[in-house]
Amino acid sequence: VTNKEWLAGTGAVLLGVIGDPIAHSKSPVMHQAALEALGLPGFYVPMHVKTGQVKDAIAGIKALGFRGINVTIPHKLEVIPHLDHLDETALRIGAVNTIVNDQGVLTGYNTDGIGYVRSLKEEAAPDLKGKKIVVLGAGGAARGIIYALSLENPDRIYVANRTVDKAEAMAAEWKDLADIRGISMMQLPECLKDADILINTTSVGMHPNMADTPVDTDLIPQGIVVSDLIYNPLQTKLLAESAQKGCVVHGGLGMFVNQGAYALEYWTGLPAPVAAMRNAVLKDMG
Ligand code: ATR
């Protein structure tokens with residue numbers, strides 16, 4: 001292989017993910033399939049890094065010649081001081097899920113939000129311009145997707161959160177980007193009436209608590225787009241009940257695959273084999 005200075009001295013591309021816990025991450029299976037589909041010699045390994053060990057882990061990435069890593073819970077904020085550069089999106093979101101190592105110079109990116117929006121547009125809502133969007137939750141996952149949504153010229157984004165202060169703070173922080181309004185769960189029924197898209201970013205409904213929904217589905221207007229970031233299960237109760245009333249439903253698998261696809265493109269400069277990546281995750285989920 002010529003002109004691929006990102007290959008380690010071994011002639012392989014070294015990639016991985018740090019997190020705690022990490023054993024059940026689907027990223028290794030997905031990215032290993034991607035490397036195979038691209039015909040690239042390489043490895044993507046899960047690395048169990050505990051809080052307090054992040055600085056040493058990042059030094060290790062450099063010393064070992066890793067081309068890049070993903071960063072997952074709980075380290076998306078903690079890695080930032082150990083990087084050399086932060087791209088604009090990661091800076092605004094305040095969280096990093098992808099690091100690229102250019103011969104010892106580390107740059108942090110956030111592909112969660114753009115991965116989500118790409119998936120939403122491809123699978124459920126091709127044009128977000130002028131849409132009224134209701135987002136449930138105001139945590140780390142919500143930040144990434146609300147930032148990416150705000151760049152799509154929506155009419156308005158309502159952020160509904162149990163702790164309303166967090167939603168209001170986010171709306172104030174990004175008021176230069178879009179019409180974002182923090183609302184309480186009490187205001188949610190009224191805001192849902194003219195919504196075009198409802199997005200759940202909370203963990204309500206995730207395995208093993210699959211009998212829960214983050215909102216009473218009777219409040220969801222018929223025929224709108226309902227999206228859930230959860231991908232285990234592939235179809236949450238929120239999505240199943242919304243589908244029954246004629247809504248266009250969109251699950252979290254596409255976000256997971258696309259955040260990985262963008263990361264792989266940053267590491268290799270090659271178009272990601274998205275179908276192979278999706279199939280590898282589906283196969284692994286049984
Ligand atoms: P993540 O990175 O997955 O977004 P997080 O930053 O801890 O995780 O944020 C979790 C989000 O889900 C928050 O908006 C949280 O609401 P609070 O800010 O009020 O805590 C929301 N959430 C989690 N469990 C919830 C529940 N049982 N009911 C309603 N909201 C919940």
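This dialogue covers a helix pair and a domain pair in a predicted model.

Biologist: What should I know about numbering and confidence?
Modeller: Residues count from 1 along each chain as its sequence is written. The model is predicted, so local features need pLDDT of at least 70 and side-chain atom pairs pLDDT 80 or more, while totals for chains, interfaces and linings use all residues.

Biologist: How is the packing of α4 and α5 described?
Modeller: Two packed helices are described by the angle between their axes and the distance between the axes. Here helix α4 (residues 112-123) packs on helix α5 (residues 140-150) at about 60°, with the axes 7 Å apart. Helices are DSSP runs of H or I, at least four residues; axes are lines fitted to C-alpha atoms over the stretch in contact, and angles run from 0 to 180 degrees between N-to-C directions.

Biologist: Which residues of α4 and α5 make the contact?
Modeller: Contact means C-beta atoms, placed from the backbone, within 7 Å. From α4 come D112, G113, I114, Y116 and V117, and from α5 A141, G144, I145, Y147, A148 and L149.

Biologist: Where do the domain bounds fall?
Modeller: Such bounds come from an automatic or database domain assignment. Domain 1 is 13-110 + 255-285 and domain 2 is 113-251, with 26 Å between their C-alpha centres.

Biologist: How many residues of domain 1 and domain 2 are in contact?
Modeller: Twelve residues of domain 1 are in contact with twelve of domain 2. On the side of domain 1, α9 gives the most, with five residues.

Terms used. Helix = DSSP H or I, 4+ residues; strand = E, 2+ residues; numbered from the N terminus. Contact = placed C-beta atoms within 7 Å.
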